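Please look through the sequence and the structure shown below. The report that follows takes up some parts of the structure in turn.

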Amino acid sequence: MNNPTPSVDRIIIFDTTLRDGEQSPGATLNVEEKLTIARQLARLGVDVIEAGFPFASPGDFEAVQKIAQQVGTPDGPTICGLARATRQDIEAAAKALKPAAKPRIHTFIATSDIHLAYKLKKTRPEVLAIAEEMVAYAKSFVDDVEFSPEDAGRSEPEFLYQVLERAIAAGATTINIPDTVGYLTPSEFGALIKGIKENVPNIDQAVISVHGHNDLGLAVANFLEAVKNGARQLECTINGIGERAGNAALEELVMALHVRRQFYNPFLGRPPESEAPLTNIDTHQIYKTSRLVSNLTGMLVQPNKAIVGANAFAHESGIHQDGVLKHKLTYEIMDAQSIGLTDNQIVLGKHSGRNAFRSRLRELGYELGDQELNRAFLRFKELADKKKEVTDWDLEAIVNDEAQQV
Ligand code: KIV
Ligand code: ZN
């Protein structure tokens with residue numbers, strides 16, 4: 001089967017907060033919470049939402065199905081479901097994704113010798129045959145099939161090339177290269193993508209995607225190197241949540257591509273000075289999305305986290321404060337407004353009214369009903385009487401307390 005040659009003029013952002021992100025220890029989300037996050041991801045402008053792993057549990061199936069129905073509209077994002085390379089998994093994914101206007105099945109099987117020997121207990125020819133057969137099976141349900149050779153980062157390159165060639169020939173339109181254990185360094189990851197481009201004969205029929213974990217803190221750097229070498233889809237999560245040390249963080253990737261677009265433009269065949277965005281993300285929605293995911297998963301964002309941490313735009317030292325007051329560019333490489341923070345942060349205190357209170361909560365990702373808002377506002381006033389300034393952390397504590405008392 002031949003796939004049409006994909007033409008990608010921007011970097012595709014594939015968000016897996018609801019699948020790999022939810023695999024963070026302690027970060028389970030219920031169906032309603034997943035729907036709320038999926039709606040916000042659509043507002044953020046992600047191209048693909050990996051909504052879950054439908055065969056894994058009835059709850060995951062229901063979440064993928066509801067997201068497919070309610071967020072997977074014709075002008076909304078592609079909705080993707082994960083499936084191991086088995087018939088049962090693929091059938092569950094196909095069924096859950098049926099209501100989506102643009103469904104994608106993402107099927108995977110490991111290709112590293114370590115995984116073959118100890119996890120799958122299969123030979124390379126067996127894995128090759130399964131990959132080919134299951135991609136073709138997924139293709140019998142949907143046009144848009146993504147294939148991942150799990151642990152690609154530690155797979156023998158010649159075998160990896162063979163598996164990818166066969167998966168593309170069987171109908172995969174995206175081939176995703178996971179650094180499953182976060183082992184590679186940026187130059188190694190770049191070379192891996194380059195090797196795939198040069199050695200997989202039908203590679204032009206598929207989009208090259210990357211997926212990576214942050215065990216050595218290198219996931220974002222690895223992806224940026226992959227972009228330079230031809231990767232056009234990035235798989236990432238909000239706040240970088242995910243298994244172990246997490247996944248590549250969406251907000252860091254998007255802002256790196258945005259702030260340094262003159263550097264990355266030529267790798268996409270554009271003149272350096274082009275102002276066309278490199279992704280479809282509405283960067284102004286980043287902060288709100290980060291807060292929402294943190295609130296619903298209960299996973300705190302470290303204060304010094306790039307882009308969305310509480311200190312990311314704060315200047316503490318006198319020298320820095322003085323410099324920024326004279327000219328922002330002295331110590332700031334991006335504008336807080338570009339991620340949706342208001343520059344003139346309204347400081348909430350005892351004189352603030354309900355509207356300012358409601359609007360700050362909205363910026364933090366909370367949409368309260370009238371009664372909840374009234375109760376929260378009363379508590380805010382009590383606190384404001386005792387404290388000069390009420391911080392975002394105070395507001396979150398108030399709202400979370402309210403939620404627990406309801
Ligand atoms: O890390 C990984 O290899 C994965 C695959 C399922 C893509 O999450
Ligand atoms: Zn992963």
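## Two packed helices

In this predicted model, helix H2 (residues 58–70) and helix H3 (residues 87–97) pack at an angle of about 40 degrees, and their axes are 7 Å apart. Axes here are lines fitted to C-alpha atoms, for helices over the stretch in contact, with angles that run from 0 to 180 degrees between N-to-C directions; helices (H or I, at least four residues) and strands (E, at least two) are DSSP runs, numbered from the N terminus. On the H2 side Phe61, Val64, Gln65 and Ala68 meet Ala92, Ala96 and Leu97 of H3, where contact requires that the C-beta atoms of two residues, placed from the backbone, lie within 7 Å. By class, this contact of H2 with H3 has six nonpolar, one polar and no charged residues; Ala, Val, Leu, Ile, Met, Phe, Trp, Tyr, Cys and Pro count as nonpolar, Asp, Glu, Lys and Arg as charged, and the others, Gly among them, as polar.

Residues are numbered from 1 along each chain as its sequence is written, while chains are lettered from A and ligands numbered from 1 in the order in which they are written. As the model is predicted, local features need pLDDT of at least 70 and side-chain atom pairs count only at pLDDT 80 or more, whereas totals for chains, interfaces and linings use all residues.

## Enclosed helices

Eight of the ten residues of H8 are buried, so helix H8 is largely enclosed by the rest of the structure; a residue is buried if 20 or more other C-beta atoms lie within 10 Å of its own, exposed if 12 or fewer, and partly exposed in between, with C-beta atoms placed from the backbone. The cover over the buried residues of H8 includes E6, helix H7 (186–199), strand E7 (207–212), E8, H9 and H10, and H8 is followed by Gly230, whose phi is positive, near 115 degrees.

In H9, eight of the ten residues are buried, so this helix too is largely enclosed by the rest of the structure. Its buried residues are covered by elements including strand E1 (12–15), helix H8 (219–228) and helix H11 (286–297). H11 itself has twelve residues and reaches 16 Å from its first C-alpha to its last, close to the 16 Å expected at 1.5 Å a residue, the expected span being 1.5 Å times one less than the number of residues.

## Positive phi in two loops

Most residues other than glycine have a negative phi. Lys121, although not a glycine, has a positive phi of about 50 degrees, and lies in the loop between helix H4 (113–120) and helix H5 (124–139); Lys121 counts as exposed because it has 9 C-beta neighbours inside 10 Å. Asn239, also not a glycine, has a positive phi of about 65 degrees in the loop between strand E8 (233–236) and helix H9 (250–259), and counts as buried because it has 28 C-beta neighbours inside 10 Å.

## The shell around ligand 1

The residues around ligand 1 are Asp20, Phe108, Ser148, Glu150, Asn176, Pro178, Thr180, His211 and His213, each with its C-beta atom, placed from the backbone, within 6 Å of the ligand. Strand E5 (144–150) and strand E6 (174–179) each supply at least two residues of this shell, which by class has two nonpolar, five polar and two charged residues.
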